[in-house]
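Hello,

Here is the structure I promised to pass on. Have a look at it first, and then read my notes below.

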Amino acid sequence: QVAGAEVYAEIADLIEEHRSEFGRGFLDGTERARAVTPEVYGAAQRARAELVNYLWRLFERYDLLMTPTLPTEAFDARGKFPLEIDGKSIGNPLQVIAFTYPFNLSRHPAATVRAGLTDSGLPCGLQIVGPYHRDELVLQASYAFEQERPWNDVWPREIPAAV
C-alpha cells in the first residue's frame, strides 16, 4: 500500500496521457492506491519503519543478507504467478515475491545472481541484499559470486510452454 501510494503520487498526472504505455497489472495496483485512507497509509508507513529498523539492527551484525530470489522456480514473464508453493495454495500474490518485496519497500540495495538450475532445468536466483546506501558492496558481492560460479555457458534444457 505504501509503495502503490507513493508511485501513484509520482505519476498520477501522467496516467491518462500515457495509459497505453503502462502494463495493466502495474496500473491496476497503482490506481487502487487512490482508495488508501490516511489511517491505512499511516499504519503501512509504521510497518515500513519497523522493517527498516529491523534491517538496520541486522546489518549492524552482518555485512550482507543472502536469500533465494523466489520461493518457486521461474514463472511466466507476463506475470502469471503460480497458484501454489510446495502444494500449498497461495492466498496472497505477494507470497510469490516474498523475498524481494521487503527490500523494495525498505529501499535496501539488492541484486539477484543466477545460482543454478532447478530440477526441471529453469534458472534460480540468489538475492544479495546490503545495508542502506551500500550498493557498491552488493555489486561487489554479486561480481565475486558470478566469478566463482560462472553460468553464461549453461542454459535451460527446454523452456516449458506458458500455461
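Threonine 69 counts as buried, with a relative accessibility of 12% (buried is under 20% relative accessible area, exposed over 50% and partly exposed in between, using a 1.4 Å probe and protein chains only). Before going on, please note that this is a predicted model, in which local features need pLDDT of at least 70 and side-chain atom pairs count only at pLDDT 80 or more, while totals for chains, interfaces and linings use all residues. Residues are numbered from 1 along each chain as its sequence is written, and side-chain values use heavy atoms, with hydrogens and water left out.

Threonine 69 lies in the loop between strand S1 (65–68) and strand S2 (84–85); helices (H or I, at least four residues) and strands (E, at least two) are DSSP runs, numbered from the N terminus. Its side chain makes a polar contact of 3.3 Å with that of threonine 112 (a pair of N or O atoms within 3.5 Å; within protein, one must be able to donate a hydrogen and the other to accept it, and residues adjacent in sequence count only if both atoms are side-chain atoms). Not counting residues up to four places away in sequence, threonine 69 touches Phe99, Thr100, Thr112, Gly125, Leu126 and Gln127, where contact means heavy atoms within 4.5 Å.

**The sheet**

Three strands form an open, antiparallel sheet in the order S1-S5-S4; two strands pair if DSSP finds at least two bridges between them. S1 and strand S4 (110–117) are at the edges with a single partner strand each, so one side of each has no neighbour in the sheet. S1 and strand S5 (residues 123–129) run antiparallel and are joined by four bridges. In this pairing, methionine 66 stands opposite isoleucine 128 of S5. Helix H6 (residues 135–148) packs on the sheet and touches S4 and S5, its direction making about 15° with that of S4 (axes are lines fitted to C-alpha atoms, for helices over the stretch in contact, and angles run from 0 to 180 degrees between N-to-C directions).

**The cores**

The largest nonpolar core has six residues: Ala111, Val113, Leu126, Ile128, Val138 and Ala141. Such a core is a set of buried Ala, Val, Leu, Ile, Met, Phe, Trp, Tyr and Cys residues joined through side-chain atoms within 4.5 Å. S4, S5 and H6 are the elements that give two or more residues to this core. A second, separate core of five residues includes Leu58, Phe59, Phe103 and Val129.

Best wishes
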